[in-house]
Structures are given as C-alpha cells and as structure tokens.
Amino acid sequence: MSTQDQDRKEALIRQFFGALPHAKALGMEVLDVGAGQATFAMAYDPRFIGDPDTGVIHGGAVSALMDTCCGAAAMSHPDNPGTSATIDLRIDYMRPATPGQAIRAVAECFHVTRSVAFVRAHAVDGDDARPVATATGTFTVEAP
Amino acid sequence: MARPRPEPVQVVKQRRDAALKALVEGVPYIRFLGVEFERRGDELTAVMPFSDTLIGNPVLPALHGGATAAFLEMTAIIGLSWSLLWSEIESGALEVEALAAGKLPRLPKTVGFTVDYLRTGLPRDAYARAQVARSGRRYASVHVEAWQDNRARPFAQATGHFVMPRQDG
C-alpha cells in the first residue's frame, strides 16, 4: 500500500470511529490513528460510575474504550485490507481509575495474518507511570 | 418439632425485589446502558433493551463490542453480589430499608475479564445470565453468556475473575 493510500485509510478510520454511535454516547475522542496504532480518550462522567462508594468508572466503560481503540489499531494496520470485528478481548484491571480524571487508551496491532489481527493495549489516567488496565485481543481480518 | 410457618409469599417477594432494585439502581453505568434485571426465585436474567446508542458498526448495523462487554461484566458483578447477599436476604438479616436508602454492600472488583464474541450482536434486545463457577473468601470466578433471539445461540460469552469485598466492612 502506498503512503498516500495509507494516509487516506487512516483518515477514513478516524472518521469512522469518530462517528460510532456508542463511542459518541461515551464521549470518546480519537487522539491519533497511525499504521497499526491508535490512541483514544474518554472523559470522566458520573453516568459511567460502576462503584457508587468510590465514584470509580465501571470496568465496562473502560472495556468499551479498549475495544474501540484496539479495533482502530487493527483496522489501521497496513496488512489489514478491510474492517475488523472483535473475536476476543481480555482486560486486566491493575488499579481503579482515579475519579475525575480522563482515561486514555493506547493500542498497538503487532501482528496480522490472512485472517487474524493481534492487538495489545494499555489505559492510563492522569498518572502515566501506573497503568489502569491492559488488554489483549484478536480481531477478524477480511479477505482482500 | 413443628416447622416455623413460612412467610407470606408477598413479604418474601417484596424483600427480594427491594434488595435487587437497590443493588442495581445504585450503579449509574447500569442505568446509562438501560440494563434491567428480571428475577425468578434466585435466578437473574439481565436485559439490555436495544437502543441506537449501543450501535458500534452503523453499516451492518451491529452492537458495539464495548456495550456487549459492559453488559456481560455488569451481569457478572450483579450475579456475584446477588449470590453473596442471598442468604442475608432470606434470613432477613439484610436491612432492605437501609439498602434502598443507599447503604449498598461493597461490590466485588474485577481483576480480569475475557469476552468471546461468537456472533454479530444484532440491533435487538439482548439477555444474559451469570453462573458463579467459584466463590471463595478472597476471589471468585464467574461465567456469563449472552443471547438475543435464541437461547441456544449465544452471541457472546465471558469469564471474569473478581476480588471479593472485605467482610469486615
């Protein structure tokens, strides 16, 4: 794929992911999409709270951010010709996200075969040094 | 020795339903996704009524994998909490009034959650049930299955590990 084609593809992916109804409902923001890389952010919102005792965001909202970000990384990989759907996604939670702080997810698609894209990601809040969660997932690759 | 007379069914149902309502309504994200829980005895079925805001791929259209993951995770957490509370609800040890007033039991915390996407999530209502595979003093393991039109054709399943809430408050 030429650089121009790749640039066009990345712009399309940014547009596609910026328009996903569920991502919009969660206020997700596309910060960056590159060749097999993606960075998304989600602002803190009291409606997303999972633990009313602490005000910590529900793991499900973090999953949605991770899934979206991993999907964008999978689709933006130069060896992936089409759209991708999640096959599986595993998320490990290292610590609760600090209430009030935005969550940022960074995903990297590190391998693509004819049928599967392999992705890993991590999420941080205001403290970059200590990840909130990590994810590993596999995504479908459509036949070209 | 005579068995104690069973409580009237309305009293039992009222207490169970009030406990479930308090547990579920205490979590804002469950409300945000519009998820509801139906109860038959101690069996819970989570329902996620379809809404346009749950769409991930507008072209197909399909449910967002993140909405599905969140639906499964909240079903697991409520299912696990419910199983922990059940004996207290039944014995009457749990003060339902205090629960309804916002004194919620501490919830289990997710350590890891793995979702398998088996089929495309259709733009329809989704249902899920959790099964507690192991519930120990410190850790629990829960399996969840979600389906739409056919119970025998799940569209997603998940396994999660949780750290139990501390019993000493």
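**Where the chains meet**

Tutor: Start with a strand pairing: A:Ile91 has B:Phe113 of β5(B) as its bridge partner. Mind that the model is predicted, so local features need pLDDT of at least 70, side-chain atom pairs count only at pLDDT 80 or more, and totals for chains, interfaces and linings use all residues. Residues are numbered from 1 along each chain as its sequence is written, with chains lettered from A and ligands numbered from 1 in the order in which they are written.

Student: Which way do β5 of chain A and β5(B) pair, and over how many bridges?

Tutor: Antiparallel, over five bridges, with β5 of chain A covering residues 86–93. Strands are DSSP E runs of at least two residues, helices H or I runs of at least four, numbered from the N terminus; two strands pair if DSSP finds at least two bridges between them.

Student: How many residues are in contact between the chains?

Tutor: 30 of chain B with 29 of chain A, where contact means C-beta atoms, placed from the backbone, within 7 Å.

Student: And which element of chain B gives the most?

Tutor: β5(B), with eight residues.

Student: New topic: α3(B). Buried or exposed, mostly?

Tutor: Mostly covered, as 19 of its 27 residues are buried, that is, 20 or more other C-beta atoms (placed from the backbone) lie within 10 Å of the residue's own.

Student: Where's the kink in α3(B)?

Tutor: Centred on B:Leu85, about 45°; the bend is the angle between axes fitted to the seven residues ending there and the seven starting there.

Student: What follows α3(B)?

Tutor: B:Gly92, with a positive phi near 85°.

Technical notes
Contact = placed C-beta atoms within 7 Å. Buried ≥ 20, exposed ≤ 12 C-beta atoms within 10 Å, placed from the backbone.
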